[in-house]
Amino acid sequence: AAAGLRVAEPTEAQSEAGNYRHGHVKLHGLDISIETPKGGTRRKVKDGKTLWEVPDMPAAYGYVKRSEGRDGDHVDVYVGDDVDSDRVFVVDQVDPDSGEFDAHKAILGVKDEASAIDVYDRGFSDGRGAERIGGITELAVADFKEWLAQGARTEPLSDLALDDDQINDILDLTDEDVDTLVDSWEYVRAVDGERTRDRKKLRLV
């Protein structure tokens with residue numbers, strides 16, 4: 001509930017200037033500034049004209065403080081109602097016409113990928129949300145924090161994802177093989193014989 005709070009809906013002039021009081025929430029240790037509450041209207045205003053707006057936002061929308069995205073601004077986040085979920089789904093957002101990578105959008109407070117995609121898709125008013133998903137990567141909150149801490153996030157996260165064959169190969173590595181890894185593996189582990197992808201980046205020599 002706290003993620004949906006903000007003192008007042010901004011005027012169009014305030015939206016254009018970004019000069020309005022934001023809500024704030026701390027979720028799983030992440031400091032998040034809320035620009036638009038769930039059910040509020042998110043809009044883009046330029047030169048006094050509304051370029052687009054999304055009424056009835058499906059989740060609270062804002063950004064992670066002290067993070068840096070591709071454009072030099074913060075990494076944007078949607079915060080759903082399932083605040084106990086420890087999963088984060090990072091969308092590699094692309095331009096729906098060119099397919100070029102645009103930015104990362106993280107979805108927290110949802111239980112699974114389907115829920116994350118639903119929130120993301122409904123965050124657009126032109127019906128092209130699904131076309132903007134260049135890839136989606138599931139992370140544990142701890143790994144999301146680590147990813148943010150690595151500095152400016154300029155490349156699609158899904159480009160670093162491993163497929164199932166690669167995971168099988170990694171789990172078959174011997175101790176000697178591990179010595180050939182650069183920076184060690186960052187995103188694969190085996191738990192009670194089950195393959196679990198918590199991170200999706202591996203650099204081999």
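Predicted model: local features only at pLDDT ≥ 70, side-chain atom pairs only at ≥ 80, totals over all residues.
**Notebook: core and strand pairing**

Entry 1. Leaving aside residues up to four places away in sequence, Phe-144 touches Leu-30, Val-64, Val-88, Val-90, Ala-106 and Leu-139.

Entry 2. I then turned to the nonpolar cores. The largest has 20 residues, of which Ile-32, Val-90, Leu-108 and Phe-144 touch the most other members. Two or more residues each come from strands S1 (23-27), S2 (30-36) and S5 (60-64), from S6, S7 and S8, and from helix H3 (141-149). H3 gives the most to this core, namely four residues. Another core of 14 residues lies apart from it, and I noted Tyr-78, Val-119, Tyr-120 and Ile-136 among its members.

Entry 3. I examined strand S8, residues 101-108, and found seven of its eight residues buried. On the parallel side, S8 pairs with S6 (residues 75-79) over four bridges; here Asp-76 stands opposite Lys-105. S7 and S8 run antiparallel and are joined by six bridges, with Val-94 and Phe-101 as bridge partners. I recorded that S7 and S8 form a hairpin with six residues between them, and that Gly-99 in the turn has a positive phi of about 80°.

Entry 4. I checked Arg-87, which is found in strand S7 (residues 87-94). Is Arg-87 buried or exposed? Its relative accessibility is 16%, so Arg-87 counts as buried, the cut-off being under 20%. I also looked for a polar partner: the side chain of Arg-87 makes a polar contact with the side chain of Glu-138 at 2.9 Å.

Note on methods: Residues numbered from 1 in each chain as written. Heavy atoms only, no water. Buried < 20%, exposed > 50% of the residue type's maximum accessible area, 1.4 Å probe, protein only. Polar contact = N/O pair within 3.5 Å; in protein donor to acceptor, adjacent residues only side chain to side chain. Pairing = 2+ DSSP bridges. Core = buried A, V, L, I, M, F, W, Y, C linked by side-chain atoms within 4.5 Å. Contact = heavy atoms within 4.5 Å.
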